[in-house]
Amino acid sequence: MENNVNKRLITTAVIIITALLILNIMATLYNNGIIEENRKLQKQAEEVKVTISQFAIVIIHNLDLGVRGYALYKKEKYLYPMKFALRDKDSILHIVERSLVMQKYPMDEFYQLRDSINAYADLCINLFELFKANNINEFNRISDLDKGYHLWLQYERFAKKVYQFENNINENAKARYYSAMQDDYLIQIFLLVICFPTLLFTAIHTNKKFKIEVRLRESEAEKTSILSSQNKLLESIVTERTREIEEKNKTLQTQYEEIAAQNDTLNKQHEALAQQNEALIESKRLQLNLYTQNLKEKSDMIAHITKELDNVSKKVVPEQKQIEKFDSILNFSILTEDDWERFKKIFQEVYPNFFAKLRYRFPAITASELRLSALIKMNLSLKEAGTMLAISADSVKKSRYRLKKRLDLKEEESLEEFIRNIG
C-alpha cells in the first residue's frame, strides 16, 4: 500500500515537473520571439529615422546647395548635389512611405511633406533655368522667398513626430519583453519549489529501492545457469546469421566493383566534355580578338578619312570626291550600339564574370566606364580606344583617370594590371 502511494506521489510530481518544463520551454521560445520582434522593430525604427534624416541631407540640403553653388561659381560641377537629390528623391520618399504604412503611421502629414519636397525640387529646377537664361532679377526675387527654410521647418515638425512615434514602438516592444521575462522568472521559481522536495523524496525512495535490489541480485544467481544454456542457443543462431551476412557482403562487393567501373566511364566522359569546353572557350577568345582587330581596322580607316577631311577644310572649294568622303564619314559610326552589343556578347562568353565582378565590387560604375574597362582588357592603346569611342586620346586619358578613382586605386597602382586580373 505504501509503495503504491509513493509511486503515485512520484508520478504526480514528475507530471507536474514535466508540465512546468514544457511551460518554461514555451515561455522561453515566446520570449525569444519577442526579443527577435523587438530587434526587428528597433532596426526598422532606426532605419526610418536614418532615411527621414536623408530628407534634409540628401534632398533639401543638396537641392539648395546645387542651385546656390551654381549661382555663385557658374560651373556645372556645382550642380551635382542637385542632380543627386533629384535622382534619389523619389526612392527615399518611397522607402519612408512603405515603412510608415507598414507601421500604420498617419500619413497625411507625410504626403504634405512629400508634395512640398516635390514642389521645392521643381522650384530649384526653375531657379536653375532662370539663372541659366540670365534672368537674374527673377532669380533673386524667388530666391529671396527662402522656400527652402519653410520646407526645412515643415521637415523638422514631421521628423519630431516620427521620431516620437518610433520611440513609442521601441518602448512598447521593451515593455512586452520585460513582461514576458517576469512571467518566465515566476515559472522558474515555481519549478524550483516543486523540484527540490520531489528530488529529495525521490532520493529517499531510491535508497529503499536499492536495498531491495540487493536482495534481488541474490535470486539472480539462480537464473544464471538457465541463461547459460540460452546463450549457447543464441550463439548458434548468431553463427548462422553471420554466415548469411557474409554471403550478402560478397554480393554487395560485386555490385560495388560494377559501380566503380561505371564511375570510371563517367569520369572519362567528363574529361572529354571538359576538353571540348576548353576548345570552345579558346574559339570564343579567338573570335573576340578577331572582332577587336576588325574594330581597330575600322578605327584606323576613320582616322585616315578624318585626316583627309582636315586637308579638305583647308581648301576654298572642296572637290566632289572629297565631299563624298565627307558624307561617308558623317554616316560612319566608330563603335555603334550594335557593334558594342556584339562585342559585349562575345566578350562575356570569353570573360563571363568580368562585368558582374565590376558591378558587384563598384555598384556606382557607369556604362561608359564598363565599356572603357573592356577596351583596356583587350589591351587597346589610348589612341585606339579614343578612335573607337570617337573622342581624343586626352579624353580617353581623363576617362581612364576617372575610372581609376572609381576603382579606388592608388596613384602607384596600375589600372591595366588591375583590370587584367579581373576574370
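The count of aromatic pairs comes to 19, where rings of Phe, Tyr and Trp (its six-membered ring) pair if their centres lie within 6.5 Å, with planes under 30 degrees apart counted as stacked, over 60 as edge-to-face and the rest as tilted. Phenylalanine 110 and phenylalanine 158 form a tilted pair, because their ring centres are 6.0 Å apart and their planes stand at 45 degrees. This pair links distant parts of the chain, 48 residues apart, with phenylalanine 110 in helix H3 and phenylalanine 158 in helix H5; helices are DSSP runs of H or I with at least four residues, numbered from the N terminus. Phenylalanine 110 is buried at 0% relative accessibility, and phenylalanine 158 is likewise buried at 0%. Buried means under 20% relative accessible area, exposed over 50%, and partly exposed in between (1.4 Å probe, protein chains only).

The model is predicted: local features need pLDDT of at least 70, side-chain atom pairs count only at pLDDT 80 or more, and totals for chains, interfaces and linings use all residues. Residues are numbered from 1 along each chain as its sequence is written, and side-chain values use heavy atoms, leaving out hydrogens and water.

The largest nonpolar core has 40 residues, and Phe110 and Phe158 are among those with the most contacts inside it. Such a core is a set of buried Ala, Val, Leu, Ile, Met, Phe, Trp, Tyr and Cys residues joined through side-chain atoms within 4.5 Å. Helices H1 (2-73), H2 (80-102), H3 (108-132), H4 (136-144) and H5 (147-313) each supply at least two of its residues. A second, separate core of 29 residues includes Phe354 and Leu380.
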